[in-house]
Amino acid sequence: MKITILDDWFDTIRHLPCYEKIAGHDVTIWNDHVQDTDKLAERLADTEVLVLIRERTKIRKELLERLPNLKLISQRSVYPHIDVEDCTRLGIMLCSGQHEGTPSYATVELTWGLILSAMRMIPQQMASLRAGNWMMGVGKSVGGRTLGIYGYGRIGSAVADIAKSFRMNVQAWGSENTLERARKAGVHVPASRDEFFQTSDIVSLHVRLYPATRGIITAHDLNQMKPSAILVNTSRAPLIEEGALVEALKNGRPGGAAVDVYEQEPVTDTAHPLLNMDNVICTPHIGYVTEDEYQVQFTDIFDQILAFEQGSPINVINTDVKLRG
């Protein structure tokens, strides 16, 4: 099969142990990012299997209709970047394992890296040293403070487990399933949504992006937060009402943020407002970007390809698809 892998910026995938699973196929790997439909159609003209790295490239109807040989899209995690109904109509199968049973520990680690960096102002302290100065301020300890987990699922619960080691109080909010899981785990659930935002010193978002969760964190929610609180987002930017975070930070509630995700990615405009706020720490969507996490992800992705090739596909999203001949 002719397999194409997009957006492998650092040429990592061919060096992973799991790459051996597909090494016998005709594999093309692109090390840049292209969204232009004409360029993608040219690159993917002969592709039978398309491998995606999360949601970096949008695979829309206009492109899909120009890929007559495409039979399978194999990826991991959610798929808001793919026109699934058009895949089904065109006979293209979508397989995506979505981390079943295991959290992304790399994302958990980055969440804590951002929490500690924001509370202790680590990037700002480093910038002060580089400018020829010594300490630029006094940070805050996390011990004794309250961590609010919005979305107590695989990742949220793992973040909460680490919080206990830091002597933090943990509370949770979100869907009814979240509240039920949190209560069963002995995690405090506030009496109301407003109370959750009002009493959390740190709010960390851990919710998958679906149409129903888009904009689920509102300007009102952010306005309930303390001027001393920080919001951490290693999930998806569109979970927050569009433009609400920047406006809230300008208004001082919350007092700071640490974000790994953005409304439009990649962010290459140095004038982006979040990049120019002293009370914000930004990273370029690297929550899942470690060699170890890639090995886990692409083992699943390549296993999906092999299962498809053997006629027993797994993790099929569009189960009604009638494959192209």
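His-285 sits in the loop between β11 and α11 (291-309), where helices (H or I, at least four residues) and strands (E, at least two) are DSSP runs, numbered from the N terminus. This is a predicted model, in which local features need pLDDT of at least 70 and side-chain atom pairs count only at pLDDT 80 or more, while totals for chains, interfaces and linings use all residues. Residues are numbered from 1 along each chain as its sequence is written, and side-chain values use heavy atoms, with hydrogens and water left out.

Although His-285 is not a glycine, its phi is positive, at about 50 degrees. Is His-285 buried or exposed? With a relative accessible area of 14%, His-285 is buried, where buried means under 20% relative accessible area, exposed over 50%, and partly exposed in between, using a 1.4 Å probe and protein chains only. Asn-315, which is found in the segment after α11, is also a residue other than glycine with a positive phi, near 55 degrees, but Asn-315 is partly exposed, with a relative accessible area of 36%.

Let me turn to two prolines. The peptide bond from Arg-253 to Pro-254 is cis, with omega near 5 degrees, and Pro-254 lies in the loop between α10 (244-251) and β10 (256-259). A cis peptide bond also joins Glu-265 and Pro-266, with omega about -5 degrees, and Pro-266 is placed in the loop between β10 and β11 (280-282).

Arg-253 and Pro-254 come up again when we look at Leu-222. Leaving aside neighbours within four places in sequence, Leu-222 is in contact (heavy atoms within 4.5 Å) with Ile-217, Leu-231, Ile-240, Ala-244, Leu-245, Ala-248, Arg-253 and Pro-254.

That residue brings us to the core. In soluble globular proteins, nonpolar side chains tend to be buried together. A nonpolar core here is a set of buried Ala, Val, Leu, Ile, Met, Phe, Trp, Tyr and Cys residues joined through side-chain atoms within 4.5 Å. The largest nonpolar core has 54 residues, and those that touch the most other members are Leu-147, Ile-202, Leu-222, Leu-245 and Leu-274. Which helix gives the largest share of this core? That is helix α4 (residues 105-120), from which seven residues come. There is also a second, separate core of 23 residues, and its members include Ile-3, Leu-16, Val-51 and Phe-308.

Let us stay with α4 and look at its partners. Two packed helices are described by the angle between their axes and the distance between the axes. Axes are lines fitted to C-alpha atoms, for helices over the stretch in contact, and angles run from 0 to 180 degrees between N-to-C directions.

Against helix α6 (residues 154-165), α4 packs at an angle of about 50 degrees, with the axes 9 Å apart. That angle makes α4 oblique to α6, because angles under 35 degrees count as roughly parallel, over 145 as roughly antiparallel, 65 to 115 as roughly perpendicular and the rest as oblique. On the α4 side the contact is made by Thr-107, Val-108, Thr-111 and Trp-112, and on the α6 side by Ile-155, Ala-158, Val-159, Ile-162 and Ala-163. The buried residues of α6, among them Gly-156, Ser-157 and Ala-160, pack against α4, β6 (146-150) and β7 (169-173). Just after α6, Arg-167 takes a positive phi of about 65 degrees.

With helix α5 (residues 122-130), α4 makes an angle of about 55 degrees, and the axes are 6 Å apart, which makes α4 oblique to α5 as well. Here Leu-116, Ser-117 and Arg-120 of α4 meet Ile-122, Pro-123 and Gln-125 of α5.

One more residue of helix α4 deserves a look, namely Ala-106. Ala-106 is buried, with a relative accessible area of 8%, and, leaving aside neighbours within four places in sequence, Ala-106 is in contact with Gly-287, Tyr-288, Thr-290 and Glu-293.

Finally, Gly-144 is placed in the loop between α5 and β6, and at 51% relative accessibility Gly-144 counts as exposed. Leaving aside neighbours within four places in sequence, Gly-144 is in contact with Phe-166, Arg-167, Met-168 and Asn-169.
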